Amino acid sequence: MEVGQMQRTWVEYTKSLFMEGFLDGQFTQLQLLQDESNPDFVVEVVSLFFEDSERLLNDLTRALDQQSVDFKRVDAHVHQLKGSSSSIGAQRVKNACIAFRSFCEQQNSEACLKCLQQVKQEYYLVKNKLETLIRLEQQIVAAGGSVPMEELSF
Amino acid sequence: MHWRSEKIDGFDLSPPDDEQVHVLAVDDSLVDRKVIERLLKISCCKVTAVDSGIRALQFLGLDEEKSSSVGFDDLKVDLIITDYCMPGMTGYELLKKIKESSTFREIPVVIMSSENVMARIDRCLEEGAEDFIVKPVKLSDVKRLRDYMTAREFRVKNQQIGNNNNIKNNNKRRLRETCDLSSSPLSMLFSSSSPSPSLSPSSLSSPSSPSPCLSPLPSPPILSYSAPCSPTSLDSPTRRLKMSSSD
């Protein structure tokens, strides 16, 4: 596939991620922070987000598996996940966390478990999308092209 | 260039690098630390990022147990930006500790929080926080801080000149120049890069080339003009001397 085609694919794919609500304006902020002096910034932040999220999801699974659930602890984990997903623009994960927190407040175990499933689902979806996006970018750069950030005016 | 580390009679002859705004960023989230660090660096700030209030106090040398070891670099912190919700010491508690310290209370502290709660914001501002940023932090938030820091630096240096003139009580022409500047410091700051004609040209040493990040602003000539003035507590050389002689 030639560079022009790859770039067009990248633009369409990125736009779709925004349209479908997977990503919001904060992701654009991150893209703005990337330049020649920091060409891997987005990849680095996204990787940190993946590590952080997987750790938190494990902690949440464990915490909700207890005989007597410590809802304060659960809420603290969800709060962290909400924060990091918000910081990278992973909108659907963030929204799932917001819903989750209200059930923590209500101390509703069953609802919390459902929320955890929802958050996990959203997380793996966005992880998949972001990995695809990053792969596309790497292919463009490997082929000698540049990622057409300026095409994202919407 | 041996003069780089020398201070003569309290005059700061350090290279322009020293005039970079040094921000201490405090956040327990690894993702957020990465982002805030980049936001600040791209806005031409020097950044030290720590993961807790305790570490922040250690860095400042404010905790009782141990002071951080000071490298060659000057530890002067110009701004502290901290997350509100952190395990252990919250950003609010850190804010209080800083404002209770005679050495550090002058440093502006900015609080970041994902929760946009009026009561929380009010409480922080009452405790002396300079500003409150709702997360996620954006480039425009950091730019606003940067502009504030530049204007503040300008005001502080300007006050130094004013104070010195009042003490010396001579050279009314210089006093008038100071008044001209203080009447519209920001308009001068944001005007074209040529300096105000009311400044006597001889008092302006040639400034270093303007930082690209601050394109509308001239490399503030007032900073070199103020070199002969005795520094305020903000950039007191005694703190530097104290830190460099420890360890």
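Contact here means heavy atoms within 4.5 Å. With that in hand, welcome to a short tour of this predicted model.

**Figure 1. Chain A is built from helices.** Let us begin with chain A, whose secondary structure comes to 6 helices and 0 strands. Read from the N terminus on, its elements run α-α-α-α-α-α. Along the principal axes, the C-alpha atoms of this chain fill a box of roughly 55 × 25 × 25 Å. Of its 154 residues, 48% count as buried. Chain A exposes about 7,900 Å², and carbon and sulfur atoms supply 47% of that area. Among the contacts in chain A with a separation of 6 or more, 68% join residues 24 or more positions apart.

Figure 2. Chain B has 247 residues, and 45% of them count as buried. Its accessible surface comes to about 12,900 Å², with 53% belonging to carbon and sulfur atoms. For contacts in chain B with a separation of 6 or more, residues 24 or more positions apart account for 65%.

**Figure 3. Chain A and chain B meet at an interface.** In this view, 23 residues of chain A are in contact with 16 residues of chain B. The size of an interface is often given as the accessible area lost when the parts come together. Between chain A and chain B the buried area is about 1,600 Å², and carbon and sulfur atoms give 61% of it. The two chains also share 4 salt bridges. One to look for joins the side chains of B:Arg38 and A:Asp35, at 3.2 Å from N to O. On the side of chain A that touches chain B, the elements giving two or more residues are helix 2 (25-32), helix 3 (41-64) and helix 4 (71-88). Helix 4 of chain A gives the most, with 8 residues. Sorted by class, this side of chain A has 8 nonpolar, 10 polar and 5 charged residues.

Figure 4. Side chains of opposite charge can pair when their charged atoms come close. In chain A, A:Asp52 forms a salt bridge with A:Arg55, and the closest N and O atoms are 2.8 Å apart. Because these two residues are 3 residues apart in helix 3 of chain A, about one helical turn separates them. A:Asp52 is buried, with a relative accessible area of 11%, whereas A:Arg55 is partly exposed at 40%. The pair belongs to a network of salt bridges that links A:Asp52, A:Arg55, A:Asp59 and A:Arg62. Over all chains, the count comes to 21 salt bridges.

**Figure 5. B:Glu37 and B:Lys41 pair within helix 1 of chain B****.** The closest N and O atoms of this salt bridge are 3.4 Å apart. B:Glu37 and B:Lys41 are 4 residues apart in helix 1 (residues 30-42), so about one helical turn lies between them. B:Glu37 is partly exposed, with a relative accessible area of 27%. B:Lys41 is also partly exposed, and its relative accessible area is 45%.

Figure 6. B:Arg144 is partly exposed, with a relative accessible area of 39%.

**Figure 7. B:Asp141 is a buried residue of helix 5 in chain B****.** The helix that holds B:Asp141 covers residues 139-168. Why does B:Asp141 count as buried? Its relative accessibility is 11%, and buried means under 20%. A polar atom of the B:Asp141 side chain lies 2.9 Å from the backbone nitrogen of B:Lys138. Not counting residues up to four places away in sequence, B:Asp141 touches B:Ile133 and B:Pro136.

How values were computed. Residues are numbered from 1 along each chain as its sequence is written. Chains are lettered from A and ligands numbered from 1 in the order in which they are written. This is a predicted model: local features need pLDDT of at least 70, side-chain atom pairs count only at pLDDT 80 or more; totals for chains, interfaces and linings use all residues. Side-chain values use heavy atoms; hydrogens and water are left out. Buried means under 20% relative accessible area, exposed over 50%, partly exposed in between (1.4 Å probe, protein chains only). Accessible areas come from the Shrake-Rupley method with a 1.4 Å probe; for residues, only the protein chains shown count as cover. Buried area is the accessible area (1.4 Å probe) that two parts lose on being put together, summed over both. Ala, Val, Leu, Ile, Met, Phe, Trp, Tyr, Cys and Pro count as nonpolar, Asp, Glu, Lys and Arg as charged, and the others, Gly among them, as polar. A polar contact is a pair of N or O atoms within 3.5 Å; within protein, one must be able to donate a hydrogen and the other to accept it, and residues adjacent in sequence count only if both atoms are side-chain atoms.
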